[in-house]
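Trainee: Before we discuss this chain, could you put the model up? I would like to go through the sheet, the core and a few side chains.

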Amino acid sequence: MKIIAHRIVLLLAIVATASCGWHLRGAPKNFPPGSTIYISSENPRSDIADEISRLLENGGVPVAASPIEADYLLTIHKEMERKLTVAVDSEGRASEYELITSAIYSVRTHSGEVLLNKAQADVYRSLEWDVSEIVSKGEEERLLRAEMRRELISRMINRLRRIDVNAPLQDKSY
């Protein structure tokens, strides 16, 4: 019964999210028209770098094929997914976890001027755990991780949006 209730709640959450029209915002508009950005990551198979590239490209910011061709360089230094135990039951088994998805990234110009140095974006969620519902909880964790990655990407793009690329170097407080 409890498994069915969790699945119904999860299904309702997915339907509500999809039906409310929520989507990631487009690309930053503060970069000069026609400028290109190159995205690199320590992880060559990075889903986050691929998704940011896709969103920027769809938003009108061309993504360069190499750093030499780019006006701006976004470097994702580190991507992390952690799972911390925050509560245990009477038998000493984990009953609640904190899920954390993080990325450390920098933005600089082609000439090497640092616009954003090792900024960190973090997304936190809690996950109640029950060993008797291991399959449904595993699926819930997988869905939460996907949602957290989308939110992390949204936060990174929002941060890119706030960079003032035209400000004199001394006015940049980051």
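Mentor: Two strands are taken as paired if DSSP finds at least two bridges between them. Keep in mind that this is a predicted model.

Trainee: Which residue in the turn between S3 and S4 has a positive phi?

Mentor: S3 and S4 make a hairpin, with four residues between them. In that turn a phi of about 105° belongs to glycine 112.

Trainee: Over how many bridges do S2 and S3 pair?

Mentor: Alanine 87 has glutamate 96 in S3 as its bridge partner. The sense of the S2 and S3 pairing is antiparallel, and the count of bridges is 15.

Trainee: Which element gives the largest share of the largest nonpolar core?

Mentor: This core has 34 residues, and Ile52, Leu74, Ile76, Tyr105 and Met156 have the most contacts inside it. Elements giving two or more residues are S1, H2, S2, S3, S4 and H3. Isoleucine 76 shows how parts of the chain meet: setting aside neighbours within four places in sequence, its contacts include Ile39, Ile52, Tyr105 and Met156. The largest share, seven residues, comes from H3.

Trainee: How many aromatic pairs are there?

Mentor: Ring centres must lie within 6.5 Å to count as a pair. By that rule the count is one.

Trainee: Is that pair stacked or edge-to-face?

Mentor: The rings belong to tyrosine 97 and tryptophan 129, at 5.7 Å centre to centre with 80° between the planes. Planes over 60 degrees apart count as edge-to-face, whereas those under 30 count as stacked. The pair is therefore edge-to-face.

Trainee: How many residues apart are tyrosine 97 and tryptophan 129, and are they buried or exposed?

Mentor: Tyrosine 97 is in S3, while tryptophan 129 is in the loop between S4 and H3. They are 32 residues apart, and both are buried.

Trainee: Which residue lies over the face of tyrosine 97?

Mentor: The distance from the ring centre of tyrosine 97 is 4.4 Å for this residue. Its charged end also sits over the ring of tryptophan 129, 4.8 Å from the centre. The residue is lysine 83.

Trainee: Why is glutamate 69 classed as exposed?

Mentor: Glutamate 69 lies in the loop between H2 and S2. Apart from neighbours within four places in sequence, glutamate 69 is in contact with Thr36 and Ala64. Exposed means over 50% relative accessible area, and glutamate 69 is classed so because its value is 51%.

How values were computed:
Residues numbered from 1 in each chain as written. Predicted model: local features only at pLDDT ≥ 70, side-chain atom pairs only at ≥ 80, totals over all residues. Heavy atoms only, no water. Phe/Tyr/Trp six-rings, centres within 6.5 Å; stacked < 30°, edge-to-face > 60°. Buried < 20%, exposed > 50% of the residue type's maximum accessible area, 1.4 Å probe, protein only. Lys NZ or Arg CZ within 6 Å of the ring centre and 35° of its normal. Contact = heavy atoms within 4.5 Å. Core = buried A, V, L, I, M, F, W, Y, C linked by side-chain atoms within 4.5 Å.
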